[in-house]
Amino acid sequence: MPPDEAIAPGTVWLVGAGPGDPDLLTRKAERLIAAADILFHDALVGPAILDLAAGDAERVSVGKRSGRHSKPQASINDLLIEAALAGKRVVRLKGGDPSLFGRSAEELDALREAGIPAWVCPGITTASAAAASAGISLSLRGVARRVQFVTAHSQRGTCLDLDWTALADGQSTLAVYMGREAATELSRSLIGAGLAPATPVLIMCNVSLPNERQLRTRLDLLPLATRAFAEGLPTLILIGAVAADPVPDGARGIGACAGSYCR
């Protein structure tokens, strides 16, 4: 780690932008964004976070979303290297945490191979923000002894290459990133591997943002619920006992969630 947190010219920082709410940025992330000459950002990094950059900082979208790749990874690597070699202070803004499904290793390897100093500023991952917003714990003594993080992103028309037996653990919480398009396969494969059809599921869209949406359902209804509720939206899916509604039915008051729908 460098002796201070300022970006030196010709240096690249991979910065976790968190789940979307700028108040969930780390203090270091905010300082790095403000110091950058150029920011290469993911598609889901919103304007409220980009507005923290200096007025004359260049903002370049290199995001990938729902299989529509604006730039291949090799091209992103080349852009980072080119900007750093030009002496710019470079920030690569990644949604959530750069080291969790963020391809940080590929970018770090390319930068270091080019002789460019590169560092990582971690961020809050979306699953943590989702649990906080929903009022649940990802782990829970006696209920969820571990947490498993997977991405359901795959080439369209191909099956997910996942260890379904390991994932179908009734005493764990499964956090599925980019799971909207794979909801049918998730439901079918997890049930086929032994997870109960009635296993609680929490679908969350636009996590941490003012237009966040939550829907509680069960594993066998996940495909139908996802199609009806999350079409076209950035989606995280939590599967396991902790995803059950923490509010007893009799305790609901005015303004509380109605049925299985929240917000």
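Predicted model: local features only at pLDDT ≥ 70, side-chain atom pairs only at ≥ 80, totals over all residues.
**Stop 1: a pair across the chain**

Select D42 and R92 and show their side chains. The two meet in a salt bridge, with 2.9 Å from N to O. Now colour the elements around them: D42 sits in the loop between β2 (38-41) and α2 (47-50), while R92 belongs to strand β6 (residues 90-94), so this pair ties together parts that are 50 residues apart in sequence. Is R92 buried or exposed? R92 has a relative accessible area of 2%, and because buried means under 20%, R92 counts as buried.

**Stop 2**

**Stop 3: a second link**

Next, select E58 and K88. Their side chains also form a salt bridge, at 3.6 Å from N to O. E58 lies in strand β3 (residues 58-61) and K88 in the loop between α3 (73-85) and β6, so the pair ties together parts that are 30 residues apart in sequence.

**Stop 4: helix α3**

Now select residues 73-85, which make up α3. How far apart are the end C-alpha atoms of α3? They are 18 Å apart, which agrees with the 18 Å that its 13 residues should span at 1.5 Å a residue.

Colour Q73, I76, N77, L80, I81, A83 and A84: these residues of α3 are buried. Then look down the helix axis. The buried residues fall within an arc of 165°, so they line one face of the helix. Pick a new colour for E82 and L85, which are exposed on the other side of α3. Just after the helix, click on G87, where phi is positive, at about 85°.

**Stop 5: one last pair**

Finally, jump to R218 and D220. They form a salt bridge whose closest N and O atoms are 2.7 Å apart. Both partners are partly exposed: D220 has a relative accessible area of 32%, and R218 one of 33%.

How many salt bridges does the model hold? The count comes to ten, and the pairs D42 with R92, E58 with K88 and R218 with D220 are among them.

Terms used
Residues numbered from 1 in each chain as written. Heavy atoms only, no water. Salt bridge = Lys/Arg side-chain N within 4 Å of Asp/Glu carboxyl O. Helix = DSSP H or I, 4+ residues; strand = E, 2+ residues; numbered from the N terminus. Buried < 20%, exposed > 50% of the residue type's maximum accessible area, 1.4 Å probe, protein only. Expected span 1.5 Å × (residues − 1). Arc of directions from axis to C-beta.
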